[in-house]
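Visitor: Hi! I'd like to talk through this structure with you, a bit at a time. Could you put it up on the screen?
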Amino acid sequence: MSLVDRVRALLGDDAVDVATTPDGVPRVAPGSPDAVALLLGTAREEGWRVRVEGAGTWLPADAPADLALTTRRLDKVPAIEPQDLSATAEAGIGCDLLRQQLADGGTWLALDPPGLAGRTLGSVVATATAGPLRQGFGAVRDHLLGVTFVTGDGRLVQSGGRVMKNVAGYDLTKLAAGGFGAFGVIVLVHLRLRALPRADQTLVLEGSREDLAQVAEDIAAAAVQPAAHELMSPALARRERWMLAVRFAGSAALVSAEEAALRAASGGRFTALRADEAHALWMRAAESFATRPVTFRVGGLPDSSDELMDLLQHQVGDEWISASPGIGAIRWGGETTVDRLRRLRRTLAGLEVPLTLERAPWPVRAAVGHFGAYREGVGPLVAGLRRTFDPGDALVVAVEGTE
Amino acid sequence: MTGGGEGGRGGRGESLAAALGEIVGARHVRTALPERITYARDGLPTHRRVPGVVVLPGSRDEVVAVVRLLAALGVPFVPRGAGTGLSGGALANDDAVLMVLTRLNRILAIDPRNRIAVVEPGVVNVRLSAAAAPHGLYYSPDPSSQTACTIGGNVAENAGGPHCLKYGVTATHVLGLEVVLADGQVVELGSPGGEPWGPDLVGLFVGSEGNFGIATRIRVRLLPVPRAIRTLLADFSALRTAGEAVSAVIASGIVPAALEMMDQSCINAVEDSVYAAGYPRDAAAVLLVELDGCREEAVAADADTIAGILRAHGARDVLSAADAKQRERLWQGRKKAFGAMGRLSRDLVVQDAVVPRSSLPDVLEAIGRIAAAYGLTVSNVFHAGDGNLHPNISFDGRVPGLKARVDQASGEIMAVCIAAGGTITGEHGIGLDKLRYMPLIFDGDALAAMRAVRLVFDPLERVNPGKVVPVHACREWSGVRSAQWGVRSAADRDRSSNSALRIPHSAFES
C-alpha cells in the first residue's frame with residue numbers, strides 16, 4: 001500500500017490532499033489532535049519523515065519530507081473565558097481569526113508576532129516569535145498556560161493547564177514554546193489573556209539611529225513604561241529616517257499619564273498617531289518580515305543594543321531591523337548567505353548573545369540551524385531531549401546546522 | 001547510609017562524611033542524629049525524613065566537588081535552601097545526602113543599567129531587594145516566606161507570591177542559570193539578556209524541584225521600585241460576594257499588583273496575634289488590593305475605579321491605606337497570616353491549589369462544606385487574583401485519627417479544585433506531598449514525558465529521588481525500558497547497580 005493510501009486508510013479521504021505542495025510532497029491535514037497522534041505514530045513505525053506546516057505564511061514549506069502535516073484543520077477555539085481571562089485554541093487557528101473572537105468577548109492576547117495576519121497560533125508558539133509588545137507584556141511563553149503536543153512517535157502529551165499559576169510537574173510548555181517543532185507538533189494551546197485595553201496610543205519620532213537611541217535611553221531613565229518601544233529601520237517604517245515608535249496600552253488614566261511622561265522625557269518631540277495610522281504602522285512592520293527571505297532574532301543586554309545593531313549593519317546590513325532597546329531584543333530581516341549567518345552567529349556567541357534563525361529557505365535552515373553555537377554542555381542536553389521526544393527522527397526540523 | 005537509620009552512624013557513613021569533610025571542612029558536615037533531625041522537615045509538618053548526612057558546601061567549586069564525589073559513589077542527594085518549602089520537597093532519606101546551600105549566599109553582581117542581578121542560590125529573597133534598593137530597583141517575586149526563603153529554593157519551586165499577579169512568578173524573572181548536573185558537569189543555561197540560547201532550558205529548569213541539578217548562579221531581572229502605590233482593604237459580609245468581586249476587578253482591565261483574600265477564620269487568627277492589622281473581625285472575608293506604578297495620577301485614578309467596582313460588587317467598606325505605615329500594617333497581617341494561624345492549633349497544613357478565577361465562589365463554599373463534614377478548621381488566605389487558593393487546615397497531630405482525617409479532607413479539596421478545571425499546586429510544588437495527586441491531572445504519557453525529560457538531566461535519578469513524578473503511574477516511554485527501574489541502556493544499568501537508591505548503604509563499600 002502506498003503512503004498516501006495508508007494515510008487515507010488511517011484518517012479518511014478528506015484528510016489528504018496530494019496535489020497541493022509545490023514539491024509534490026503529499027499534504028495531510030488531520031482534523032483532531034488524536035488524528036495527529038495516529039499519523040505520527042504510524043510515521044514512526046513506517047520510517048516516514050514528516051514536515052509540519054501551519055498556514056504556510058511564515059516558514060517556507062520546503063523541507064524534504066515524505067509527507068507534510070498541516071495543522072490547518074485544527075482551527076477550533078474550544079473555550080474563551082472572558083471572566084477568567086483565559087482561552088483554549090487549537091494550533092491551526094489563524095491569529096487574525098483568534099484575535100477577532102477574543103475581541104468579541106472583550107479580551108486580548110497581547111502578542112503582535114511578525115508575519116501575515118493569518119499566521120497560525122501554533123507557528124507563533126513553536127517559533128516563540130514575539131513582536132514589539134514583548135517590551136510590555138513579555139515573551140510568547142509568558143502568555144501560555146499550557147500546551148498539548150504530539151511527539152515524533154505519536155504520543156499526545158499535555159503540559160501545564162488552563163489556570164493562571166501552575167507548578168504541577170516539570171514545565172514542558174517551555175520546551176514546546178520556541179522549540180521550532182523539534183520536540184513535537186503543538187496541537188492545542190491554553191492562553192493567558194488580558195482585558196482589551198481601554199486606551200491604546202502610539203507615538204512616533206523620526207531621526208538618526210544615534211539620536212533615537214539616545215531618546216530611547218532617556219525614556220528608560222524616566223521610567224516610562226510602554227507596551228512597545230520599538231526602533232525601526234527606515235525601510236521597515238517606510239520613512240526616510242529611522243523611527244522610534246512608542247505604544248501605551250491600558251486604562252485611560254495610565255495611558256494619559258505615561259504619554260505625558262514620554263513627552264516630558266523627550267522634550268515633546270513625539271507625534272501621536274491616530275488609531276488607524278497606528279494600526280497600519282504596526283501591521284505593516286509585522287508583515288514586512290514575511291516578505292524577506294531570512295529572518296533572525298538576537299537577544300542581548302539592553303545597553304548593548306546599539307553595539308549589536310552596528311555589528312548587524314557591518315555583517316549583514318541593516319535595511320530591515322526592528323529593535324526593542326529596552327529589553328535588548330533585535331529582529332533582522334533580509335537577504336544573506338549561509339556563510340554570513342554562520343560568521344555572525346560565531347561573533348555574537350563571543351559576545352554571549354544567541355542568534356535564533358526564525359525563517360529561511362530550507363538550504364539555509366539546514367546549513368545554519370535555528371539554534372547553534374551553544375555553550376559547553378548544552379548541545380548534549382538538547383540532543384537528549386530531541387531523542388526523547390522524537391526517537392525515530394520523524395520530524396524534519398533544522399534544529400542545529402551542519403557546520 | 002548512616003548504618004542505623006536515625007539511630008547512629010556506621011563505618012561507611014563515617015568514611016563518606018570524612019570525604020565530604022575534606023571538601024567542605026569537617027564542621028560543615030553534620031552526622032550526629034540530633035543535628036540531622038533538625039533537617040527532617042520543611043515548612044510542611046506532615047512529612048518527616050532524617051537525612052543520612054547533611055553537607056553545607058561554601059562555594060560553587062565545593063558544590064561541584066561534592067556532586068562529583070557523590071556521583072562516583074552512586075549516592076543520591078537532595079539540594080535544599082532554607083527549608084521553608086511546603087511540599088516535603090527538600091527532605092532526604094537516610095540513604096541520601098542532604099546538600100544545604102545556605103552558605104552560598106553572595107549577591108555577585110547588580111547591574112542597574114540593565115536591571116539585572118546575579119546571585120548564588122542561598123541568597124535570602126528579601127536581601128536582594130534590599131541590595132537593589134539604592135539603585136531604585138527590586139526583585140519582584142515575593143513569597144510569604146521571603147524573609148527566610150532562598151532564591152535557589154524559589155527557582156526550584158518556581159515560587160510565587162502576592163505581587164506575581166501583575167509581575168509574574170519566578171520563571172518570569174530568571175534570565176539565566178549556571179547549573180551543576182547530577183554527574184558534576186557545570187552547564188550555563190540561557191543568555192545574559194534572557195533570550196533562550198536554543199530551546200528554553202532555563203524555563204524548563206525553573207520549577208523542576210531540584211530534579212535536574214543544582215543552580216549555583218542565578219541571573220534575575222530587577223524591576224524599578226514603583227513610585228506610586230495604593231493599598232485598599234475591602235470587607236464583605238459573604239465569602240461568595242468577595243469571590244465575585246475578584247472576577248469583577250480582573251474583568252476591569254486594570255491589573256492590580258496584588259489581589260489577596262482572607263476569610264473570617266484567618267482574619268481572627270491575625271487579629272488575635274501580634275500581627276494584628278485592623279481587619280474587621282465581623283467580615284466574612286476581606287480583599288487586600290494593591291495598585292502600583294510609576295505615575296501617581298494614574299495609580300490614584302485606577303485605585304478609585306477599583307474601589308468603585310468593589311463597592312458595586314458588595315463591599316461593605318473600602319479602606320485606602322493613608323500612608324506607608326498603614327499599608328505596611330495591612331500587608332504584615334497578610335504576610336504573617338500563616339504564622340498567626342499557628343495559634344489556632346499545634347499543627348497546620350498549608351494547602352495550595354489553583355482554580356479558574358470565576359469558580360472561586362463555588363470552590364470556597366465547597367471547601368467550607370468539606371471542613372464541616374470532617375469537623376476541621378480550614379482558614380483561607382490566598383492569591384485571589386490568580387485563583388491560587390491556600391486552604392489551611394489547623395489540627396493537633398497528637399489526636400488519634402486526626403491526621404488521617406486531614407489527609408482525606410485535603411484529598412477532597414484537591415478533587416474539588418481539579419473538578420473546577422484547576423490544578424493541584426500553583427506555587428508550592430509537588431515534592432512528596434502531592435505525588436499522589438499527579439495522576440489525577442496528568443495521564444500516563446504526560447507523566448512519562450516528564451520522567452523522560454528528567455532522565456536527560458539526571459539519567460540515574462539520583463538528584464532529589466522520589467519526588468515530583470510518581471514513577472508507577474508513568475506509561476512506558478521509548479528508550480525507558482522499565483518504568484520501575486528507569487534503565488535506559490546496558491551502560492546505565494551497570495552503573496545503576498551500584499546506586500545507593502536500590503541497594504542502601506552500598507555507596508560505602510570501598
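This is a predicted model: local features need pLDDT of at least 70, side-chain atom pairs count only at pLDDT 80 or more; totals for chains, interfaces and linings use all residues.

Visitor: Noted. And how many bridges join E8 of chain A to E9(A)?
Guide: Five bridges join strand E8 (residues 144-150) to E9(A), and the two run antiparallel. To place them residue by residue, A:Thr148 stands opposite A:Gln158, and A:Val150 stands opposite A:Leu156.

Visitor: What sheet do they belong to, and in which order do the strands come?
Guide: The sheet is open and has five strands, in the order E5-E6-E10-E8-E9 of chain A, with antiparallel pairing. Strand E5 (79-81) and E9 are its edges, each pairing on one side only. On average, neighbouring strands in this sheet are turned by 15 degrees against each other, direction ignored.

Visitor: So E9 is at an edge. Are its residues buried or exposed?
Guide: Buried: five of the five residues of E9(A) are, so the strand is largely enclosed by the rest of the structure.

Visitor: Switching to the two chains, how many residues are in contact between A and B?
Guide: 66 residues of chain A are in contact with 74 residues of chain B. On the chain A side, strand E9 (156-160), helix H6 (173-176), helix H9 (252-266) and helix H14 (378-389) each supply at least two residues. The largest share, seven residues, comes from H14(A).

Visitor: What's the make-up of that side by class?
Guide: The side of chain A that touches chain B has 32 nonpolar, 18 polar and 16 charged residues.

Visitor: And within chain A, which domains are there?
Guide: Chain A is divided into domain 1 (79-195) and domain 2 (199-273). Their centres, taken over C-alpha atoms, are 28 Å apart. Five residues from domain 1 and six residues from domain 2 make the contact. On the domain 1 side, these are three nonpolar, two polar and no charged.

Visitor: Over to chain B. Which way do the residues of strand E3 point?
Guide: B:Phe77 and B:Pro79 point one way from E3 (residues 77-80), B:Val78 and B:Arg80 the other way, and all are buried. As a rule, side chains in a regular strand alternate between the two faces of the sheet. Four bridges join E3(B) to strand E4 (residues 97-100) of chain B, running parallel, and B:Val78 has B:Leu98 as its bridge partner there.

Visitor: How about helix H12 of chain B, what length does it reach?
Guide: H12(B) (residues 324-335) has twelve residues and reaches 16 Å from first C-alpha to last, close to the 16 Å expected at 1.5 Å a residue. Its buried residues are B:Leu330, B:Gly333, B:Arg334 and B:Lys335. They pack against several elements of chain B, among them strand E12 (228-236) and helix H10 (264-271).

Visitor: Last one: why does B:Ala307 count as partly exposed?
Guide: Because B:Ala307 has 19 C-beta neighbours inside 10 Å, and a residue needs 20 or more to be buried. B:Ala307 lies in helix H11 (residues 296-312) of chain B. Leaving aside neighbours within four places in sequence, B:Ala307 is in contact with B:Leu232, B:Val318 and B:Ser320.

Methods
Residues are numbered from 1 along each chain as its sequence is written. Chains are lettered from A and ligands numbered from 1 in the order in which they are written. Two residues are in contact if their C-beta atoms, placed from the backbone, lie within 7 Å. Ala, Val, Leu, Ile, Met, Phe, Trp, Tyr, Cys and Pro count as nonpolar, Asp, Glu, Lys and Arg as charged, and the others, Gly among them, as polar. A residue is buried if 20 or more other C-beta atoms lie within 10 Å of its own, exposed if 12 or fewer, and partly exposed in between; C-beta atoms are placed from the backbone. Two strands pair if DSSP finds at least two bridges between them. Axes are lines fitted to C-alpha atoms, for helices over the stretch in contact, and angles run from 0 to 180 degrees between N-to-C directions. The expected span of a helix is 1.5 Å times one less than its number of residues. Domain bounds come from an automatic or database domain assignment.
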